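I am opening a notebook on a structure that is new to me. I will look up a residue, then cores, then helix pairs.

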Amino acid sequence: MASSVGHTGNPDQPSAGPLTIRRNTFLALADRYLTLGRDVHSGEVLARGGDPEAHSILQRSGFVPVVRLHETYHRLPVGLDAAEEKRLATRAVARLRAVKYGVDTDDDFDTETREAHYLPLGSSVAHLAERIREATTSDEVADALTELTASHDGVLIALGEVLAATAAFYQDLGQPPDPHTAERLHYLAEHRLAVLWSDLAHIRNDLADRHQDHPQRRVCAAEVGPDEYEASAVCGCPPHPPRLTTTPAAAPVPPAPAHPRH
């Protein structure tokens with residue numbers, strides 16, 4: 001607030017120019033549009049475009065992500081009859097449009113329905129990250145991490161139960177690879193997840209014992225110091241450093257299906 005307009009808080013980092021801003025705005029708007037329809041070549045119902053939130057909505061509507069070298073799109077599962085395909089595709093259109101996505105779709109899947117949108121379970125966990133970003137003391141971060149590491153009902157303990165339940169489901173499902181999948185899930189729960197829980201629990205306990213204020217963070221008192229030279233300033237806090245944007249790593253190519261699709 002106390003910096004001049006356009007100042008990024010880092011004199012060594014150039015600010016984005018008008019062309020970069022317009023390009024980023026265009027790309028952000030483009031991610032708000034999808035196409036969803038039956039492919040003329042394969043006959044599959046495919047959805048293309050959208051951002052990660054749209055992809056989550058598609059997956060919660062029954063679609064399966066397909067990751068290729070140069071693109072990622074979504075399809076309906078195999079083995080569905082036409083009525084079930086229409087139900088799932090129409091529901092996806094209704095859910096996407098309910099949160100203001102533009103969807104170009106076939107007449108068969110078009111709908112004026114707008115299905116109510118509820119925050120998914122992951123949003124509650126993601127809120128912990130926001131609490132940590134805003135934390136000014138070690139106690140606040142320890143409290144947030146406790147939600148992950150609590151030994152009876154923490155998020156990681158619950159995730160271990162999900163892995164164990166999925167392993168039990170796979171164990172006697174009937175296909176030759178299924179016992180191996182169950183064994184892999186047990187390994188993830190007992191070794192990989194256990195290490196993550198142990199490390200985070202140690203970090204949480206360390207922070208709980210510190211009772212330390214973060215030296216670079218402070219609660220904003222909404223007060224302007226007597227030496228402030230910016231007339232528009234409403235507080236004495238320094239400008240926030242720009243958030244670094246990173247390019248996500250390419251998703252691994254999924255293995256070939258165990259059985260040919262019909």
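**Entry 1: His214**

I started with His214, which sits in the segment after α7. I kept in mind that the model is predicted. Is His214 buried, partly exposed or exposed? I read a relative accessible area of 37% for His214, so it counts as partly exposed. The cut-offs behind that call are under 20% for buried and over 50% for exposed.

Next I asked which residues His214 touches, not counting those up to four places away in sequence. I found Thr136 and Thr137. I then checked the C-alpha atoms of His214 and Thr137. They are separated by 5.5 Å, although the two residues are 77 apart along the chain.

**Entry 2: the cores**

I looked up the largest nonpolar core and found 18 residues in it. Leu34, Leu36, Val45, Leu58, Phe63, Leu96 and Tyr101 have the most contacts inside this core. Which elements give two or more residues to it? I noted strands β1 (33–38) and β2 (45–49), together with α2 and α3. The most comes from α3, with five residues.

Setting aside neighbours within four places in sequence, I listed its contacts as Leu34, Leu36, Ala47, Phe63, His74, Ala92 and Leu96.

**Entry 3: α2 and α3**

I turned to helix α2 (residues 52–60) and helix α3 (residues 82–98). Their axes come within 9 Å and cross at roughly 145°. I noted the crossing of α2 past α3 as right-handed. On the α2 side, Ala54, Ile57, Leu58 and Arg60 make the contact. They meet Arg91, Ala92, Arg95 and Leu96 of α3. I sorted this contact by class and got five nonpolar, three charged and no polar residues.

**Entry 4: α6 and α7**

My last pair was helix α6 (residues 155–171) and helix α7 (residues 178–210). How do they run relative to each other? I found that their axes come within 8 Å and cross at roughly 170°. Angles over 145 degrees count as roughly antiparallel. Therefore α6 and α7 are roughly antiparallel to each other.

I noted some of the residues in contact. From α6 they include Leu156, Ile157, Leu159, Gly160 and Leu163. From α7 they include Asp178, Pro179, Leu185, His186 and Trp197. By class, I recorded 15 nonpolar, five polar and one charged residues in the contact of α6 with α7.

Key
Residues are numbered from 1 along each chain as its sequence is written. This is a predicted model: local features need pLDDT of at least 70, side-chain atom pairs count only at pLDDT 80 or more; totals for chains, interfaces and linings use all residues. Side-chain values use heavy atoms; hydrogens and water are left out. Axes are lines fitted to C-alpha atoms, for helices over the stretch in contact, and angles run from 0 to 180 degrees between N-to-C directions. Helices (H or I, at least four residues) and strands (E, at least two) are DSSP runs, numbered from the N terminus. Angles under 35 degrees count as roughly parallel, over 145 as roughly antiparallel, 65 to 115 as roughly perpendicular and the rest as oblique. Contact means heavy atoms within 4.5 Å. Ala, Val, Leu, Ile, Met, Phe, Trp, Tyr, Cys and Pro count as nonpolar, Asp, Glu, Lys and Arg as charged, and the others, Gly among them, as polar. A crossing is left-handed if the near helix is turned anticlockwise from the far one by less than a right angle, and right-handed if clockwise. A nonpolar core is a set of buried Ala, Val, Leu, Ile, Met, Phe, Trp, Tyr and Cys residues joined through side-chain atoms within 4.5 Å. Buried means under 20% relative accessible area, exposed over 50%, partly exposed in between (1.4 Å probe, protein chains only).
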